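Welcome, and take a moment to look over the model below. The report that follows walks through it one part at a time.

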Amino acid sequence: MLNEKELPFLAEKGHIVSLVGGGGKTTLLYAMADHCARKGWRVLMTTTTHIRQLAACYAPDDAALTALWQAGRYAVIGTPAENGKLTLPPPQLLRRMAQADAVFIEADGAKHYPCKLPAAHEPVLLPQSDIVLAVAGLSALGKPLREVCFRYDTIHPQFLAAAPDAPLTPPMLAQLLASTQGGRKAVGDRQFYAVLNQTDTPELQQQGIQIQQLLRQHGIPFGSIAHIALDNGQIIRLIHATDEKDRIRPALVYNNALTYLSTDNLHKGNWMNVSVKIVADKNNVIVRYADIDTTLVVPVKGAKSAVVT
């Protein structure tokens, strides 16, 4: 079962979510689509690379897509390809993203490997996509990199500096997911999450916890510090995010946009434990970090008060 506390975007309409990496992207994609469709949302699933076709929910045209939504089901769109796969859908169907409550996109291929390194042309992220999930399977741990990491033996990443026959360790996998040459490639200012799949044994679960702890040192995943409920019904999240220079910074997520707090007055290593005060002042949401003398102000139309939840 999917957890909306761990993946809070599943509780919010309007997101376009892209999945990259390996280790069960398609399964997760269908699970998220089903989760949101069960809430009565209009859900669209597609790909910018290749995805297996699910006949029951496939929408070859506008009429079929509308019928699936009216029946309370998610719709899968794409252009039929070889071996029962779909590729990027035609423009007239892709435009239906604007009418969906949630869109989920498979934006990467891994040839069934548990993890991967992206090539120069990967991943294929649509400009409209505002959230990226990097997926990895823990079944890869302890096995030679060349056997479990797609493209490792051809790309030879400098940030890992491990031989292709070296076993994949939890720190390596965390580094792979967190790197802008790995899981975070081309993410930019989009929200970013790392998802660990294939936690089938107690040992793998413990290793997964270790990887989570390492990822948090990079500000990944984005776990929300606070949800801010405005009196106009909108929600803002205060998060810890990793910017394009791999710095962990506080930021506000509002209207699918990410606004970073300046780090000029932040003391490395201690600001994450400083108390935060959040208020709404007319048309702004204001975040003040105690004892650091730094403030983040985000213009928000129509809000005069805020409640931190």
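This is a predicted model: local features need pLDDT of at least 70, side-chain atom pairs count only at pLDDT 80 or more; totals for chains, interfaces and linings use all residues.

How many disulfides does the count come to? The count is zero.

**Helix α1**

Cysteine 36 also leads us to helix α1, as Cys36 is one of the buried residues of that helix. Helix α1 covers residues 25-37, which makes 13 residues, and spans 18 Å from its first C-alpha to its last, close to the 18 Å expected at 1.5 Å a residue. Among the buried residues are Lys25, Thr26, Leu28, Leu29 and Tyr30.

Strand β3 (residues 51-52) holds isoleucine 51. This isoleucine counts as buried, because its relative accessibility of 1% is under the 20% cut-off. Which residues does isoleucine 51 touch, leaving aside those up to four places away in sequence? They are Thr26, Leu29, Met45, Thr46, Gly84, Lys85, Leu86 and Glu106. Thr26 and Leu29 are also among the buried residues of α1. Lysine 25 lies 26 residues from isoleucine 51 along the chain, and their C-alpha atoms are separated by 9.7 Å.

Next comes strand β9 (residues 131-137), where seven of the seven residues are buried, so the strand is largely enclosed by the rest of the structure. In a regular strand, side chains alternate between the two faces of the sheet. Both faces of β9 are covered: one side has the buried residues Ile131, Leu133, Val135 and Gly137, and the other has Val132, Ala134 and Ala136, also buried.

Strand β9 pairs with β1 (residues 15-21) in parallel through five bridges. Its pairing with β11 (residues 191-197) is parallel too, over seven bridges.

In soluble globular proteins, nonpolar side chains tend to be buried together. Here the largest nonpolar core has 49 residues, and Leu44, Leu168 and Leu173 have the most contacts inside it. Helix α6 (residues 170-178) gives the most to this core, with six residues. A second, separate core of 28 residues includes Leu29, Val43, Val135 and Tyr193.

Leucine 173 touches Cys115, Ala136, Leu138, Leu141, Leu168 and Ile211, not counting residues up to four places away in sequence. Of these, Ala136 belongs to the buried residues of β9.

The last stop is arginine 96, in the loop between α3 (91-94) and β7 (102-106). Is arginine 96 buried or exposed? It is buried, because its relative accessible area of 11% is under 20%.

| Side chain | Partner side chain | Distance |
|---|---|---|
| Arginine 96 | Aspartate 62 | 2.7 Å |
| Arginine 96 | Glutamine 99 | 2.6 Å |

Setting aside residues up to four places away in sequence, arginine 96 touches Leu44, Asp62, Leu65, Thr66 and Trp69. Leu44 is one of the residues with the most contacts inside the largest nonpolar core.

Key. Residues are numbered from 1 along each chain as its sequence is written. Side-chain values use heavy atoms; hydrogens and water are left out. Helices (H or I, at least four residues) and strands (E, at least two) are DSSP runs, numbered from the N terminus. The expected span of a helix is 1.5 Å times one less than its number of residues. Buried means under 20% relative accessible area, exposed over 50%, partly exposed in between (1.4 Å probe, protein chains only). A polar contact is a pair of N or O atoms within 3.5 Å; within protein, one must be able to donate a hydrogen and the other to accept it, and residues adjacent in sequence count only if both atoms are side-chain atoms. Contact means heavy atoms within 4.5 Å. Two strands pair if DSSP finds at least two bridges between them. A nonpolar core is a set of buried Ala, Val, Leu, Ile, Met, Phe, Trp, Tyr and Cys residues joined through side-chain atoms within 4.5 Å. A disulfide is a pair of cysteine sulfur atoms within 2.5 Å.
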